[in-house]
Structure formats: structure tokens, C-alpha cells
Amino acid sequence: MLKRDYILKMIQELFAALERLLHNDNRQLTERQRDVEALYTILGHDAQFFRSSTEQEILESLTVFDDDYLQRVNMLAEIMYADAKLFVGNYEVRHDIIAKALSLYTYVDERSDDFSITRIERIDELKKLLAQYQY
């Protein structure tokens, strides 16, 4: 019970931090990007690992979190969503971040018993962003 409460609290704090980074943060973009990159380490790897790995490799890396696996996948989807929104740089890297965030949200949506309007809205938003990359 304590572990579950801890995970829920951690998820709530992560969502609050991401919300601040995306909407209420007046700091320079590079500072906010560094903060998002630091959030990846909560899941045991740095941003570069999650950006460069395949979806399958990412999901396998999260299996170490047995009891809260799906919540961790959701956390990663949230972090990658924020990363996609703030990422400035290589076109292909941003495309991959958007695609992975979309894939992770979809993975969670298909397996979760929890209904989330936010998740559905983000899936739609990421689909639109990804469509912009199609010619």
C-alpha cells in the first residue's frame, strides 16, 4: 500500500512539474529542456537512451518496475510529450520523440483500466503533430 501511494505521489509530482515546464515557466527554453531531460532519469536512463532506443527496447527497460509498469510507461509518455513540445533541433529526432510519445500513450490507453481525457487529447495532438511531418 505504501509503495502504491508513493508511486501515485511521484506521478502527481511529475505531472505538476511537466505542467509548469510547458505552461507557467518563464525561464529560457534551454533551461526548461534541461529540466525535461533530467526527468528521464526517474525511469533509470538518460534522455539519449529513450530518444535513440526502439519502442521495444524502451518497454523492456521499464519491466524492472514490475508492480507499476504501466504507470511508468505513462510517466515516460508524459516526459516524451513535454520533450517533443520543447525540443528544438534535429528534425528527425523531434519526429522520433513525437512518434514514441504517441506510441507510448497508445500503449497505455489500450491496456489501462483508467479513462483519461488528457491522454486522449494528447494522443490526438501528437497525431496532428506527426501529420505535419508527412509530405
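This note sets out the fold of the protein chain and the packing around one of its helices.

1. Basis of the model. The structure is a predicted model, in which local features need pLDDT of at least 70, side-chain atom pairs count only at pLDDT 80 or more, and totals for chains, interfaces and linings use all residues. Residues are numbered from 1 along each chain as its sequence is written, and side-chain values use heavy atoms, with hydrogens and water left out.

2. Overall fold. The protein chain holds seven helices and zero strands, in the order α-α-α-α-α-α-α from the N terminus. Helices (H or I, at least four residues) and strands (E, at least two) are DSSP runs, numbered from the N terminus.

3. Of the 135 residues in the protein chain, 45% are buried, that is, under 20% relative accessible area with a 1.4 Å probe, protein chains only. Among contacts (heavy atoms within 4.5 Å) with a separation of 6 or more, 64% join residues 24 or more positions apart.

4. Helices α5 and α6. The axes of α5 and helix α6 (residues 91-111) come within 8 Å and cross at roughly 150 degrees; α5 is therefore roughly antiparallel to α6. Axes are lines fitted to C-alpha atoms, for helices over the stretch in contact, and angles run from 0 to 180 degrees between N-to-C directions; those over 145 count as roughly antiparallel, under 35 as roughly parallel, 65 to 115 as roughly perpendicular and the rest as oblique. Residues of α5 including Leu70, Val73 and Tyr81 meet residues of α6 including Ile97, Leu104 and Val108. This contact of α5 with α6 comprises 15 nonpolar, one polar and six charged residues. Ala, Val, Leu, Ile, Met, Phe, Trp, Tyr, Cys and Pro count as nonpolar, Asp, Glu, Lys and Arg as charged, and the others, Gly among them, as polar.

5. Helices α2 and α5. Helix α2 (residues 29-39) packs on α5 at about 160 degrees, with the axes 10 Å apart, and the two are therefore roughly antiparallel to each other. In α2, Leu29, Arg32, Gln33, Val36 and Leu39 meet Ile79, Ala82, Asp83 and Leu86 in α5. Six of these residues are nonpolar, one is polar and two are charged.

6. Helices α5 and α7. The axes of helix α5 (residues 69-86) and helix α7 (residues 117-132) come within 12 Å and cross at roughly 40 degrees, which makes α5 oblique to α7. Asn74, Glu78, Tyr81 and Lys85 of α5 make the contact with Arg119, Arg122, Glu125 and Leu126 of α7. By class, that contact has two nonpolar, one polar and five charged residues.

Methods:
Buried means under 20% relative accessible area, exposed over 50%, partly exposed in between (1.4 Å probe, protein chains only).
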